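The sequence and structure come before the text.

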Amino acid sequence: DRPEPEAELKKRWDGLVRAFEDHDAAMALDDLVSALNLDDEYDSYFESCPDLFSELAKAAPALVFKTLPPQPAQDPDAPEYRFRRARRSNENVVVSNFFALYRYMSAAASTVYEAPKPPYLLQDHQSAPIRGTDHKPDGVLYYQRSILDMAAVHLVVVVAKMPSMPMTISHPDFGRVADYACAMWEAQPTRMFAPVIFLHGEYASLVLFTRGKWYTVALGCLLHQQQGPTGSHINMVRAAMMDLWFLFTLTPDKFGHFCDIRRAATPIRFTHTAGTVMATARVPKRAGEPGVDMENRIPRPVLPRSRCTYLHKTSYNGKPAVLKLAWTQMNRLPESAVYDILVAKGVAGIPEVYDSGLLKTDFFGLRLEYLVLEDCGDRLDVCLDKLATSGADNKALAEQLSSVVEVVAGCVVAANAAGVLHRDVSLGNVAVSNGQARLLDWGGGKVVESSDIVEEMAERWMFDAQEVMEVEADYDPITGTVRYMGIRMLLAAKTRGYLDDIESLFYVVLHAISLLENGLDTCVGEGNQLLDCSDLARVRLDILRLESNYHEHFGISKYRDSFCSTLDAMHKFLFWSPAGYTGYQLVHNMEYDRPVDMEVAAKFMNEGSLEMLGRIISGSDAGPGEPTGQAARLARTSDNAPQPRATKRITSEPMMTRAAAKKAKAAGKKTGPANKENDA
């Protein structure tokens, strides 16, 4: 790969500095050891070899001195060690001394039977990048594999390039360090945190990147600060060496991963703890032992911090499946709990869950869950394209699309009746296999009302039901994929209902037909463009007031007549009433209760969905004195919800004045969804 231009690198590093700003903390090594449940192992290590590096600590160089120590002696019991002169401004010297120190610590440890030995390879990458990347850290500790690429990196070693106070990291240096950590997260789905050894003159620190924060763990001095060190300085250096060696000798399942991946990370076998959803993972030791394969990874962006998802095509008991590994905050709703609720309520149109569990809970404020799901086939646009390529006529295409809309719209309505909103109906989350549609990825789902089953799921999946419901309500305005969000959601409305999910389905269908007509890699029509949220809302409001010609603004002309029955029914259902176009009322009156025309709904929903829809709009599930219809659903959705995030509004009749928006922003309120494909 060609190296990135310096300007691009700087831009990327600056972005990482901003992403991690105010998400840092200092941590003592003892606290880290306790967090990783390694207290007994740490104590045993020091008891078994308390004086392991005593001689080496005496011979360690001072930060600056005039003469070099002699060559190391042949007798390992009385070694003398050769280091180069170390100056804070000379990166090469610091790297050379670190590599020499590693070799001499290895030699010292080899003389003590009880001393642990590192199962890794240390290599210099100052000149040559890591295989398949443009990354050039100063050193890399690799797993002992035949291919040493980013997937084989255990940790990286980085030397400070910019002057700063001891034990601190300058912004340019932090950008590099975070970049290496993100590369590890990207390449290694089994990661729990990404470790970096940061060398700053005589000081060494462990920089730890979790999905929530980055932590700095001071290891101490590896070099003396002056010639002729005193006993206290020697003890400081020895302690730093001992701590560093302890970290270097930990296996991946104890330091950095949820299983031991020294040989490879595939397949993985999950085992449940009896009677709980907690599970452990391991790489099978014998060939042929059953496990979930992770070779065929589905490309998906990995953000620097916060939520993170890895997907792999695999098989489960001979059936095509998808393995999903997902990091979420403890105050967010686990996807497995959503599936449990949907299955308990008999909601159709969702993937079958073959297996699921928690690998980590409350790990630095996050949980790691895994799900093995039914492989639901291709995205809607890919499915239609394959049908067209195989020679299917327009009637067959229209029938397939109508079937997909019927299933997904019915799934949205049934889920709502079960008390769940999807909130991220997007092109990537509507899949078709053998003509059968499924609505995928309920990781952005939300429980809209408390019930016994919610409390049961909270106990089972170890979350606080009330806290999670309040936090999910706060995320209502910014959850979803921007291109498919409803107009109210683009404008950060604080209430959300099933009709917003059906509106998202409408945009999914429009985009899929446009891609079928114009090519899967194209984006035609202003209605499909990825714009700023308020601009996209404005564009769609103007397009959708057209009763008959709105299709062409979404890039549809050739297939217009073939698909008009389904499209026009959804268009009329969502944006028209006997009084006319309702789009502007949606924007200017956030309390406006969208009318539901059952006759129009019958043109794209089946009888079962219509029956559930009728119960929802009639309020038959409302208690005495409670509001009915969609107003009831929206009221429940907004219970305990904080104020909506300030964002730019339609200027013709603003929902928030610009002065008020600036004041809210200055007060620290959250802003609306960012202009990107995948938001929170």
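## Sheet, helices and ring pairs

An open sheet of mixed pairing is formed by seven strands, ordered β1-β7-β6-β5-β4-β3-β2. At its edges are β1 (24-26) and β2 (120-124), each of which pairs on one side only. Neighbouring strands in the sheet are turned against each other by 25° on average, direction ignored. Two strands pair if DSSP finds at least two bridges between them. Helices (H or I, at least four residues) and strands (E, at least two) are DSSP runs, numbered from the N terminus.

The model is predicted: local features need pLDDT of at least 70 and side-chain atom pairs pLDDT 80 or more, while totals for chains, interfaces and linings use all residues. Residues are numbered from 1 along each chain as its sequence is written, and side-chain values use heavy atoms, with hydrogens and water left out.

Strand β1 pairs with β7 (residues 214-221) in the parallel sense over three bridges. Ala 25 stands opposite Tyr 215 in β7.

Axes are lines fitted to C-alpha atoms, for helices over the stretch in contact, and angles run from 0 to 180 degrees between N-to-C directions.

| Helix | Strands crossed | Angle |

Rings of Phe, Tyr and Trp (its six-membered ring) pair if their centres lie within 6.5 Å; planes under 30 degrees apart count as stacked, over 60 as edge-to-face and the rest as tilted. The count by this rule is 30 aromatic pairs. One of them, Phe 98 with Phe 248, is edge-to-face, at 6.3 Å centre to centre and 90° between the planes. This pair links distant parts of the chain, with Phe 98 in α5 and Phe 248 in α7, 150 residues apart. Phe 98 has a relative accessible area of 5% and is buried; Phe 248, at 1%, is buried too. Buried means under 20% relative accessible area, exposed over 50%, partly exposed in between (1.4 Å probe, protein chains only).

Phe 363 and Phe 364 also form an edge-to-face pair, at 4.8 Å centre to centre and 90° between the planes. Both residues are buried. Ring pairs join Phe 363 and Phe 364 into a cluster with Trp 185, Phe 193, Tyr 215, Phe 255 and Trp 327.

Of the 680 residues in the protein chain, 53% count as buried.
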